[in-house]
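Hi there,

Here is the structure I promised to pass on. Please have it open while you read my notes.

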Amino acid sequence: MLKVEILGTGCKKCHQLEANVQEAITTLKLDAEVRQITDPIAIAQRGVMKRL
């Protein structure tokens, strides 16, 4: 099973992204789980706020 995490604050654009992902999963007939991560600490723990 494919696991997709959407990282964001839960704003309108985040919800639209989740809808787009769900539509793509349905269209492609994928077995996937979608989670929306809104906690800033959980987002930071995934390394998306690292400096290079």
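Predicted model: local features only at pLDDT ≥ 70, side-chain atom pairs only at ≥ 80, totals over all residues.

Residues are numbered from 1 along each chain as its sequence is written, and side-chain values use heavy atoms, with hydrogens and water left out.

Let me start with the helix. Helices (H or I, at least four residues) and strands (E, at least two) are DSSP runs, numbered from the N terminus. Helix H1 covers residues 12–28, 17 residues in total. From its first C-alpha to its last, H1 reaches 24 Å, close to the 24 Å expected at 1.5 Å a residue; that expected span is 1.5 Å times one less than the number of residues. For burial, I use relative accessible area: buried is under 20%, exposed is over 50%, and partly exposed is in between (1.4 Å probe, protein chains only). In H1 the buried residues are Cys14, Val21 and Ile25. Seen down the axis of H1, these buried residues fall within an arc of 35°, so they line one face of the helix. The arc is taken from the directions from the helix axis to the C-beta atoms. Lys12, Lys13, Glu23, Thr26 and Thr27 are exposed on the other side of H1.

Next, the cysteines. How many disulfides are there, counting cysteine sulfur atoms within 2.5 Å as a pair? The count comes to 0. Cys11 is in no disulfide, and the nearest cysteine sulfur, that of Cys14, is 3.5 Å away. Cys14 is likewise in no disulfide, its nearest cysteine sulfur being that of Cys11 at 3.5 Å. Cys11 is partly exposed, with a relative accessible area of 34%, whereas Cys14 is buried at 10%.

Now the charged side chains. With a salt bridge taken as a side-chain nitrogen of Lys or Arg within 4 Å of a carboxyl oxygen of Asp or Glu, the whole structure holds 2 salt bridges. Arg35 pairs with Glu5, the closest N and O atoms being 3.5 Å apart. This pair links distant parts of the chain, with Arg35 in strand S2 (residues 32–37) and Glu5 in strand S1, 30 residues apart. Glu5 also forms a salt bridge with Arg46, where the closest N and O atoms are 2.7 Å apart. Here too distant parts of the chain are linked: Arg46 sits in the segment after helix H2 (40–45), 41 residues from Glu5. Shared partners join Glu5, Arg35 and Arg46 into one network. Arg35 is partly exposed at 40% relative accessibility, as are Glu5 at 37% and Arg46 at 35%.

On the surface, Leu2, Leu28 and Leu30 form a nonpolar patch with about 290 Å² of accessible area together. Patches are made of residues with over 30% relative accessible area and no salt bridge, joining like charges within 9 Å and nonpolar side chains (Val, Leu, Ile, Met, Phe, Trp, Tyr) within 5 Å. Areas come from the Shrake-Rupley method with a 1.4 Å probe, and for residues only the protein chains shown count as cover. Leu2 lies in strand S1 (residues 2–7) and is partly exposed at 44%.

Last, Lys29 in the loop between H1 and S2. Its phi is near 55°, a positive value in a residue other than glycine. Most residues other than glycine have a negative phi. Lys29 is exposed, at 74% relative accessibility.

Best wishes

Key:
Disulfide = S-S within 2.5 Å.
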